[in-house]
Amino acid sequence: MMSPLSKALLLASLAVQASSAYSTIKVVVGKTGLTFVPNNITAAVGDVLEFHFWAKNHSVVQGLWSDGCQPTTRGGFFSGFFPTPAGVANPKVFRVTLNDTDPLVFYCAQNTGSHCKNGMVGVVNPSGSNTLEAYLAKAQTATTAVAPPTVFGGVVLAPEGDTSTATTTVSVSESAAPTGTSAATGTSGSSGTTSTSASASPTRTNGAAALGVSFAGLAVAGAAAVVFV
Ligand SMILES: *[C@@H]1O[C@H](CO)[C@@H](O)[C@H](O)[C@H]1NC(C)=O
Ligand SMILES: *[C@@H]1O[C@H](CO)[C@@H](O)[C@H](O)[C@H]1NC(C)=O
Ligand SMILES: *[C@@H]1O[C@H](CO)[C@@H](O)[C@H](O)[C@H]1NC(C)=O
Ligand SMILES: [Cu+2]
């Protein structure tokens, strides 16, 4: 058990860490097969996981450690699906701010090709029995991967410096897209929620606009004949 003093010191050191430099950890999704690269991540409170989606139609969901390819029941995040042509990165990224350093697991919820079952998973701050190896074993025995009904827990936005998509205003409705989203500019403070609930406001964003509409919707509307899976 942790003494009150060491707990106070730990909290103080976390506060110092949180008020200094945050890192943005870029995670490349599906560029080299059914993979997240890196898939075994060490991160601090306030760091941002920034998912960059490549070919096929991937997603990222925070999982439950106890049950492969199932969403966590406490908080977490879901990016929605990002259908993306071969050979290019999707112009949108999904950013998740880490609230704590607890072991966290994530997976791709695409069932065409059984992405999660085939090892498309990753972990942050593995510890104890919550490891990449342990989760891979659980994912292998999963029947289907579950995608939450709405995008939540992070923001969908254009990468910093990309003005080509940041100014696009689109309203597309799609089953996986949240309702009632709005374009928000990424100034400081809370902004750019893509969730239907009030719980998902990130506290930090970069300067790009948070569009609140996923590329999935654009692809569905604009290129019905293209198959991404
Ligand atoms: C993941 O990272 C942890 C901590 O750095 C390390 O102990 C573990 O061996 C790594 N696992 C894999 C599968 O690379
Ligand atoms: C961080 O906290 C927010 C607000 O409670 C929540 O929506 C989000 O899912 C959390 N992030 C993670 C990675 O759990
Ligand atoms: C992407 O995958 C999701 C989930 O399987 C599916 O609902 C959606 O139609 C797919 N989009 C495209 C353009 O293939
Ligand atoms: Cu995938």
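This is a predicted model: local features need pLDDT of at least 70, side-chain atom pairs count only at pLDDT 80 or more; totals for chains, interfaces and linings use all residues.
In strand 10, Y107 is the bridge partner of V61. Strand 10 runs antiparallel to strand 6 (residues 61-64), and two bridges join them.

**Strand 10 and its partners**
- Strand 10 also pairs with strand 11 (residues 121-124), in the antiparallel sense and over four bridges.
- Within strand 11, the residue opposite L104 is V124.
- Strand 10 is covered on both faces: L104 and F106 are buried on one side, and V105 and Y107 are buried on the other.

**Strand 1 and its partners**
- Strand 1 and strand 4 run parallel and are joined by six bridges.
- Across this pairing, L49 in strand 4 stands opposite I25.
- Strand 1 pairs with strand 2 (residues 36-37) as well, here in the antiparallel sense over two bridges.
- V29 has F36 of strand 2 as its bridge partner.
- Six residues lie between the strands in the hairpin of strand 1 and strand 2, where G30 takes a positive phi near 75°.

**Nonpolar cores**
- The largest nonpolar core has 22 residues, of which F36, F51, F94 and F106 touch the most other members.
- Two or more residues of this core come from each of strand 1 (24-29), strand 4 (48-53), strand 9 (93-97) and strand 10 (104-107).
- Another core, of 16 residues, lies apart from it and includes W65, A109, V123 and L132.

**The loop residue S79**
- S79 is found in the loop between strand 7 (67-71) and strand 8 (82-84).
- S79 counts as buried because its relative accessibility is 0%, the cut-off for buried being under 20%.
- A polar atom of the S79 side chain lies 2.9 Å from the backbone nitrogen of V60.
- Beyond its neighbours within four places in sequence, S79 is in contact with F53, S59, V60, F94, V151 and V156.

**Ligand 1**
- N40, L132 and E133 are the residues around ligand 1.
- In the side chain of N40, an N or O atom is 2.4 Å from an oxygen atom of ligand 1.
- The protein buries 37% of the 360 Å² that ligand 1 exposes when taken alone.

Methods: Residues are numbered from 1 along each chain as its sequence is written. Chains are lettered from A and ligands numbered from 1 in the order in which they are written. Side-chain values use heavy atoms; hydrogens and water are left out. A residue is near a molecule or strand if one of its heavy atoms lies within 4 Å of it. A polar contact is a pair of N or O atoms within 3.5 Å; within protein, one must be able to donate a hydrogen and the other to accept it, and residues adjacent in sequence count only if both atoms are side-chain atoms. Accessible areas come from the Shrake-Rupley method with a 1.4 Å probe; for residues, only the protein chains shown count as cover. A nonpolar core is a set of buried Ala, Val, Leu, Ile, Met, Phe, Trp, Tyr and Cys residues joined through side-chain atoms within 4.5 Å. Buried means under 20% relative accessible area, exposed over 50%, partly exposed in between (1.4 Å probe, protein chains only). Two strands pair if DSSP finds at least two bridges between them. Contact means heavy atoms within 4.5 Å.
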